[in-house]
Amino acid sequence: MGSTTDRGDDPLYRHVPALIVGGVFAVAVALGVARGGATAVLWLAFASLAGAVLLFWEALRHALDPSLPGDEALTDEGGASVEAEAKKREALRALKDIAFERSIGRLGEDDYKALEARYRAEARDAMRAVDEGLGPWLAKAEAQLATIEAGEAKTDATPEAEPAVSVAEPAAETPTETTRACPKCATTNDPDAVFCKKCGSRMVTEAEASDA
Amino acid sequence: MNNAPYDAGVPAFGTGVLYAFVVSAAISLALAVTAGVDRRGAAPRLLRAARMSALGTCALVALDVLLLLYAFLSHDFRIRYVAHYSDRSMPTTYLITALWGGQDGSLLWWTFLLSGYTAAVVLWLRGRLRELAPWVIATLMGVQLFFGVLMTWAANPFAASFAGAPLEGEGLNPSLQNFYMAIHPPSLYVGFVGCAVPFAFAVAALITGRLGQEWVQAVRRWVLFAWVFLSIGNVLGMLWAYEELGWGGFWAWDPVENAACLPWWTLTAFLHSVMIQERRGILKVWNVSLVIVSFFLTLFGTFLTRSGLISSVHSFAQSEIGIYFVYFMALVALFGAGLVVWRLPLLRKPAELDALLSREAMFVANNWMLLGICVFIAVATTWPKVSEWLWDERLTVGATFYNAWLAPVGVVLLALIGVGTLTPWRKGSPKLLARAFRGPLAAGLGAGVAHAVFGRAVGLPAVVHVDPIYDVWTRVHLGPLTLGSINVGRSLAWLDGHLPAVAVGVLAFNVAAVAQEFYRGTAARAQSKGEAAPTALARLVSRNRRRYGGYIVHLGFFMMFMGWVGAGWRQESEATLAPGASFTVGRYALTYEGTEMRRDATKRQVLARVHVRRGGDDLGVLTPARFIYTARPEQPTTEVAIRSGLREDLYVMMATVNPDTKVAHLKAYVNPLTLWIWLGGLVLIAGVLLAMWPEASTVAASALSARPAAAVAAALLALGLASGEARAQMSHDTTQGGADLARPATPEEQRLFAKVRCMCGGCPRESLATCTCGWAASARERLRDRLRRGETMQAIVDAYVERYGPESLEVPPDRGHNKGLYVLPLVALAAGGVGAFALARRWARRRSAANTEAEAKTREAPSADAASDEKRYDDRIDEELRGLDD
């Protein structure tokens, strides 16, 4: 179990837990048929014990060894952009609601016009705020998206257009065009990494965070 | 028999694992908290450690459950719990259900389910909600820790037998050896325990101060999941009561039933009000509080079942652990309230509504109603205890009270559903609203009038006689002024008597409203996209799954409501018959043909053959029965026979039979529309499935996919419905001979019996009218004699109360402090209503002020640059709107 975390992205590795669990159950079923239910239950009990021990060992290693990587997750630091994102969603939902109500004839045309103008304005303001929050990454992501789309257009694929909302994915797909060094341990990280994959310390500096 | 050397240490090992579980839960809690507060960059690493150790903790619980299961399978009677709840003759299925059949085991089972949820949440949290995750894990681990401590200190399922290992176990109580015991508690538990997950997210949101959309969106699916199992658990509870208890009804307002439905009301309220938060970003405090209260109520429910505080049919589970629950409930209440108060400044946002005439406002009204019902039930359930503490007076609040008061409130709630369905989001204009209401209102009125005219002819009259629960005139004073007198009991009885017609009208209105909703949506889509009607309908529903799934859930609820209304038309009849004799109930003629005896390994079965005819039709033979288990011959079980139909059920039960003369005492009920309750349950599940569908599809490799779970839920309920061969319990009967020669009760007698309770000491909360025990039969005979001698009903009741104390009354008397029983909830309901209305109006006003401001702003002509910028954003808005789920 020791080095597994480093291979977390390997698709083969991702199926290992499922395979182990499946194997344990298969053995349990076989034992149940051959030796009776009680034996199968005992085997499952043993498997959970083994699982618990392994999990605790892994927990202990991560709790004590600062050089191990932790759980990386897309995250944001709260504050302005989260608020704006929420506002945007609320306004979009409102627009969807009123369009639906108008389509089934429960919202008058005048009311619809007034409400639509209002919520569109709210949505624009919120999106503007989000964009400003994303700042420098947005332009980069849009450029990358454009190259990807151009490539896909050649191979006659229709791009799933969801522009510029998720920043990390396109960046992760294009291999190492820019990298960033961790300020603590100098490990090379993805350009958009928030935490260092080696030492786990924060990659985004205070200046960038307040920029955003 | 299994004395192989390797199982020598199961009791000790199981206890050891229990201790290990407590320690590891504490460690996981500490790790998660450290990850949550860490500001030095170690958080991701610590979070991973916390996740791993939380999963390890769950594995330990699984280990303990498997060990206990192994002990059952290998008949390890050294363990007290195993010796107490199993014997060597029990089939494997019941050995498994014995895991949760008793007190200590059911706590372990509870913890096991909680671990299942915890593991699913922990796996699901991988890579998402970085800020909330540590606190979610910490909260879940805190709850686990409580159960761990509880088991190690007070209810260790691995505790040794007092006097060494007995050679044979005592065996599971026959009343627990039936199909429903196998599925009803687990599904209710899944719903109950599931409330811990939203609670954990709410706590995490409060602690981190991230109270926006994030946690609400994360938690919606989990809430729906818990909600659907809570619904199924309650429906199965009704099914169990109907098929097993033998008194002809399905809901007795037993304290434990009440406790099981309390969180259902608050969760339902949450599912509605959360939609407002998603749209308007308001009601944050309210939603957080609803989730915390729901979790609190699940603990309260467990506490009620376990403490034996209030007598109930579930009293098999009594024990001393109640006090631990009191501490934990106090802790949860203080902690939750403290967090909310602490975060109040963050949660407050000047709330706005586009209009008072909008669905948002209707949702506020519906929350008010749902909470009102919840408060009503909670007050009535706890009243006997409150009365004992404050006034040293033992009381009972029987089903009659709940039915009388809650029926009208339920109809109001039903009407609100329909009105809400027809009111548009955001803003309704009076003209368009009138157009929307026209059809459904006509349908409702038409149905109501048709029912009033034809109802009696088809045996479902629009106005029924309801006996007043009180008959006391109360003078109403305002200071020195006397305003007049009011007879609460009679007014209520009048209202209840007229409810059937109203309820039918409102039901028709609601169904028409939903149908119109589907029709208009389909028509609009067919027109704008030029699709054929079926395609348009399918696309409409699949594009707006949450909306239409919700409507289908409502339809299921309407069907169930039909069944509840149908209970008002119940007819019953009883007779003591020699073989060959007949009696009638409703449209049916029943002929008792004699008894049959069957025997199997564990029991004797005494079956009565009852031939059923309706008009000229021969409907075949029903066989109500009594089973006498060899292990417990003093507790014969009652097995009812039911002939189900869409229109009505014929329900026959054999109370007693004389083995020599074959004279049997039979009771029969005609229960109109009961089948609709179970069908409605299935429709409800289908609706939830539809509403959850899109969400599940967006969760890649979700550890706990909602779809299969909901399918399992539906299968569970369907299984419950399909097993017509329900085998049952009724444990308090001691009369087996033909001593009880009861005649059918006259209506007057029936009314008298309904007013008082069976006081034999063994039957919890049964009214004298429905109780099947021998004591009740002789008590009925005594009361009959007095009636015959010309005593008034009031005098007889007074004498009965004189003898057995005030707790022998079905409904506490309408005087003195006992008025509080209904005045308190009514005042709360009224105050809540006024408050909700005032709030909604203030929000709408604030919005219209903001509107005029905004209009002034838009009137300024934008520059060309700004206009192109606007165009760009508008395009993006259109883009995202297309991708937005409902």
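Q: Where in chain B is confidence lowest, and where is it highest?
A: In this predicted model, confidence in chain B is lowest in helix 20 (residues 706-722), at a mean of 56, and highest in helix 8 (residues 196-208), at 94. The score is pLDDT, the predictor's confidence in each residue, from 0 to 100, and helices (H or I, at least four residues) and strands (E, at least two) are DSSP runs, numbered from the N terminus.

Q: And what does chain B average?
A: Chain B averages a pLDDT of 82, with 88% of the residues scoring at least 70. Over residues 723-742 of chain B the pLDDT is below 50, and beyond near neighbours in sequence this stretch has 58 contacts in the model, a contact being two residues whose C-beta atoms, placed from the backbone, lie within 7 Å. Residues 1-7 of chain B also stay under 50, and for them the model has 7 contacts beyond four places in sequence. Where pLDDT is low, the predicted coordinates should not be read in detail.

Q: Before I go on, what are the conventions for numbering and cut-offs?
A: Residues are numbered from 1 along each chain as its sequence is written, while chains are lettered from A and ligands numbered from 1 in the order in which they are written. As this is a predicted model, local features need pLDDT of at least 70 and side-chain atom pairs count only at pLDDT 80 or more, whereas totals for chains, interfaces and linings use all residues.

Q: What are the ipTM and pTM scores?
A: The model scores ipTM 0.75 and pTM 0.82.

Q: How many residues of each chain are in contact across the interface?
A: On the chain A side there are 58 residues, in contact with 64 residues of chain B. The side of chain A that touches chain B draws at least two residues from each of helix 3 (37-64), helix 4 (80-103) and helix 5 (109-134) of chain A, and helix 3 gives the largest share, 16 residues.

Q: What classes of residue are on that side of chain A?
A: It has 29 nonpolar, 12 polar and 17 charged residues, where Ala, Val, Leu, Ile, Met, Phe, Trp, Tyr, Cys and Pro count as nonpolar, Asp, Glu, Lys and Arg as charged, and the others, Gly among them, as polar.

Q: What secondary structure does each chain have?
A: Chain A has 8 helices and 2 strands, in the order α-α-α-α-α-α-α-β-β-α from the N terminus, and chain B has 25 helices and 12 strands. Of the 212 residues of chain A, 25% count as buried, and of the 886 residues of chain B, 51% do; buried here is 20 or more other C-beta atoms within 10 Å of a residue's own, exposed is 12 or fewer, and partly exposed lies in between, with C-beta atoms placed from the backbone.

Q: Which residues have the most contacts inside the largest nonpolar core?
A: They are B:Tyr70, B:Val136, B:Ala196 and B:Phe201, in a core of 258 residues. Such a core is a set of buried Ala, Val, Leu, Ile, Met, Phe, Trp, Tyr and Cys residues joined through C-beta atoms within 7 Å. Helix 2 (residues 43-73) of chain B gives the most to this core, with 23 residues.

Q: What is B:Tyr70 in contact with?
A: Leaving aside neighbours within four places in sequence, B:Tyr70 is in contact with A:Ala38, A:Val41, A:Leu42, A:Ala45 and B:Val10.

Q: Switching to helix 9 of chain B, where does it bend?
A: Helix 9 of chain B bends by about 35° at B:Arg220, the bend being the angle between axes fitted to the seven residues ending there and the seven starting there. Of its 33 residues, 31 are buried, so helix 9 is largely enclosed by the rest of the structure. B:Gly246, with a positive phi near 80°, follows helix 9.

Q: And where is the kink in helix 15 of chain B?
A: A kink of about 35° lies at B:Arg438, shortly before the proline B:Pro440. B:Pro440 is one of the buried residues of helix 15, which also include B:Ala436 and B:His451, and what covers the buried residues includes helix 14 (399-422) and helix 16 (488-529) of chain B.
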